[in-house]
Structures are given as C-alpha cells and as structure tokens.
Amino acid sequence: KETKMNDYLILHNGFEKPTPEQMGAWGKWFESIADIQVDKGGFHQGGREISATGTTELPFGKDSTTGFTIIKAENLDEAEKIAKGCPIVSSTIVYEIMRW
C-alpha cells in the first residue's frame, strides 16, 4: 500500500553571518532531504507586514523569517523530525500546506 505524502512548509527564522561550518551543515541537510524536497528559497532583505492598522517594515536580522523549504512527509510528526535536522539559527516553524 502506498502512503500518501503531503507537502509541509518549513520556515527558517533568524539570520547571522554563517561560518563555513554552518554552510557545510546546511549543505548536508539539503542533501539529506533531496528526495523529498519540493522547493526552497530565501529572503535577503527585510520585508513588510500588512495588517488592518497599516504596514510595518520588517528588518532582516535575528528575528526575521529568512527562508523556506517545502518537503513531502507522511504527517506533521514526520515533518517536524525532518525539520529538527536542519541547522537552526533562531527557530524553525513547520506547517502542513493545504491546497484548495
């Protein structure tokens, strides 16, 4: 029986100038998930948060969302286990992607 795989969004939070060792760790993690990775990307500057009260400039730093990875996993528990293996700067957040 084939297991249904769902898409999960991993948000990477926090920025610090990476050392060669940190870059190597990121490279190894991306290699380890190559067969389940759907997409990845990063943000290289601040952004903007838009709400009912207006727009707020978001700086790029330790508290910023700095990138994302979309993976295939069976469930949220498996996605969390995979996300825990990535190098974490401040935190990592995982959501299941619901397609409409």
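Me: Lys 62: buried, exposed or partly exposed?
Reply: Lys 62 is partly exposed, with a relative accessible area of 42%. Keep in mind that this is a predicted model.

Me: Which residue does Lys 62 form a salt bridge with?
Reply: Glu 16. The closest N and O atoms of Glu 16 and Lys 62 are 3.3 Å apart.

Me: Where do Glu 16 and Lys 62 lie?
Reply: Both are in loops. Glu 16 is in the loop between β1 and α1. Lys 62 is in the loop between β4 (54–58) and β5 (65–73).

Me: How many salt bridges does the structure hold?
Reply: Five. One of them joins Arg 48 and Glu 57, with the closest N and O atoms 2.7 Å apart.

Me: Arg 48 and Glu 57, buried or exposed?
Reply: Arg 48 is exposed, with a relative accessible area of 59%. Glu 57 is exposed too, at 54%. Both values count as exposed because the cut-off is over 50%.

Me: What about Lys 84? Which residue is its salt-bridge partner?
Reply: Glu 80. Their closest N and O atoms are 3.3 Å apart.

Me: Where do Lys 84 and Glu 80 lie?
Reply: Both sit in helix α2, residues 76–84. They are four residues apart, about one turn of the helix. Lys 84 is exposed, at 60% relative accessibility. Glu 80 is partly exposed, at 36%.

Me: Let's take Asp 7, then. Where does it lie?
Reply: Asp 7 lies in strand β1, which covers residues 6–13.

Me: Is Asp 7 buried or exposed?
Reply: Buried. Its relative accessible area is 10%, and buried means under 20%.

Me: What polar contacts does the Asp 7 side chain make?
Reply: One is with the side chain of Lys 72, at 2.8 Å. Another is with the side chain of Arg 99, at 3.1 Å.

Me: What else does Asp 7 touch?
Reply: Leaving out residues up to four places away in sequence, Asp 7 touches Val 38, Ile 70, Ile 71, Lys 72, Tyr 95, Glu 96, Ile 97 and Arg 99.

Me: New topic, aromatics. How many aromatic pairs are there?
Reply: The count is five aromatic pairs. One of them is Trp 26 with Trp 29. That pair is edge-to-face, with 6.1 Å centre to centre and 85° between the planes.

Me: Why does 85° count as edge-to-face?
Reply: Because planes over 60 degrees apart count as edge-to-face.

Me: How far apart are Trp 26 and Trp 29 along the helix?
Reply: Three residues, in helix α1 (residues 20–32). That means about one helical turn separates Trp 26 from Trp 29.

Me: Are those two Trp residues buried or exposed?
Reply: Trp 26 and Trp 29 are both buried.

Me: Which residues do ring pairs link into a cluster?
Reply: Trp 26, Trp 29 and Phe 30.

Me: And which charged end sits over the ring of Phe 30?
Reply: The charged end of Lys 40. That end is 4.2 Å from the centre of the Phe 30 ring.

Terms used. Residues numbered from 1 in each chain as written. Predicted model: local features only at pLDDT ≥ 70, side-chain atom pairs only at ≥ 80, totals over all residues. Heavy atoms only, no water. Helix = DSSP H or I, 4+ residues; strand = E, 2+ residues; numbered from the N terminus. Buried < 20%, exposed > 50% of the residue type's maximum accessible area, 1.4 Å probe, protein only. Polar contact = N/O pair within 3.5 Å; in protein donor to acceptor, adjacent residues only side chain to side chain. Contact = heavy atoms within 4.5 Å. Phe/Tyr/Trp six-rings, centres within 6.5 Å; stacked < 30°, edge-to-face > 60°. Lys NZ or Arg CZ within 6 Å of the ring centre and 35° of its normal. Salt bridge = Lys/Arg side-chain N within 4 Å of Asp/Glu carboxyl O.
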